[in-house]
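This report covers aromatic ring contacts and the exposure of the residues involved.

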Amino acid sequence: MSESPAARLQKLFEGHRLTPTQRRIAHCMVRGAAEVPFLSSVELAELAGVSQPSVTRFAVALGFDGYPALRRHLREVAPAERAAGGEEDAYNEYQQAVQGEIENLRQLSAMLADPAPVREAGRLLAGSSPLPVLGLRAASSQARGFAYFAAKVHPDVRLLDEGGSMLADRIDAAAGAGASALLCFALPRHPKEVAEALEHARAAGLTVVTVADSAFAPVARHSDLLIPAPVGTGLAFDTACAPMLLGRVLLEAMADALPDAQARLEAFDARAAARGLFVE
């Protein structure tokens with residue numbers, strides 16, 4: 001499978017120490033990979049919500065003489081021509097949001113062409129007992145969904161979906177009980193206490209695996225292994241189909257790395273049948 005324009009752009013930014021403003025520009029470019037090669041520096045600045053000089057400094061930070069040189073390079077790594085707008089214009093605002101999520105899923109599929117990071121994450125999560133799963137505010141539903149299904153195959157899953165002063169205590173308790181890794185779901189807007197919790201987890205000796213909306217998310221520097229999955233921004237509130245699906249992919253990878261996962265699933269099904277838990 002050939003890489004998507006977004007994946008190729010992602011590689012362009014890897015290995016560079018970017019400021020928060022520059023990470024914002026990079027994130028904006030990845031999300032609009034098909035359109036960005038046709039934008040002026042002023043248009044890109046407006047799209048990213050930064051100043052035009054910031055775009056110029058960003059291009060220089062990547063090793064280009066200026067933004068025109070970066071744009072010429074982008075036209076080589078992105079599609080040769082702008083996507084036709086007629087079909088998109090025929091969609092109403094709700095359909096456009098769905099189409100945006102479809103594109104996010106395509107990006108996720110392209111990223112998964114290299115399964116090594118997901119397999120490594122699965123190995124780390126399977127090897128941690130207990131397994132703390134962190135997700136606050138917008139990411140709490142992603143963490144809760146993962147923890148619900150993970151508990152069917154993992155012997156000890158601990159959901160951390162509430163912040164506050166006890167969060168560090170619960171991380172310490174997991175580390176003291178033998179945890180070696182922590183899984184974090186981090187979505188915009190990124191709560192400050194998530195970054196603080198991850199910093200605390202690493203200080204406690206835990207390997208942090210993070211699902212975030214971008215490789216340039218604020219939690220990136222507090223993560224040992226970050227796997228990005230873009231969110232949709234076409235509605236008043238962000239949509240997170242790709243992060244949810246990535247969570248299920250990580251579940252699969254973790255189950256593959258757990259030797260008794262199938263036996264645990266069968267035991268759960270037997271108990272559920274005996275209790276009449278589900279309507280047939």
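Phe-149 is partly exposed, at a relative accessible area of 36%; buried means under 20%, exposed over 50% and partly exposed in between, with a 1.4 Å probe and protein chains only. The model is predicted: local features need pLDDT of at least 70, side-chain atom pairs count only at pLDDT 80 or more, and totals for chains, interfaces and linings use all residues. Residues are numbered from 1 along each chain as its sequence is written, and side-chain values use heavy atoms, with hydrogens and water left out.

Four aromatic pairs are found in a search of the whole structure. Rings of Phe, Tyr and Trp (its six-membered ring) pair if their centres lie within 6.5 Å; planes under 30 degrees apart count as stacked, over 60 as edge-to-face and the rest as tilted. One of the pairs is Phe-13 with Phe-58, which is tilted, with 5.6 Å between centres and 55 degrees between planes. This pair links distant parts of the chain, 45 residues apart: Phe-13 belongs to helix H1 (residues 5-13) and Phe-58 to helix H4 (residues 52-61). Helices are DSSP runs (H or I, at least four residues), numbered from the N terminus. Phe-13, Phe-58 and Phe-216 form one aromatic cluster.

Tyr-148 and Phe-149 form an edge-to-face pair, because their ring centres are 4.9 Å apart and their planes are at 80 degrees.

Exposure of the paired residues is listed here.

| Residue | Relative accessible area | Class |
|---|---|---|
| Phe-13 | 1% | buried |
| Phe-58 | 0% | buried |
| Tyr-148 | 46% | partly exposed |

Lys-152 lies over the face of Phe-268, 3.7 Å from the ring centre. A charge sits over a ring if NZ of Lys or CZ of Arg is within 6 Å of the ring centre and within 35 degrees of the ring normal.

Notes
Helices (H or I, at least four residues) and strands (E, at least two) are DSSP runs, numbered from the N terminus.
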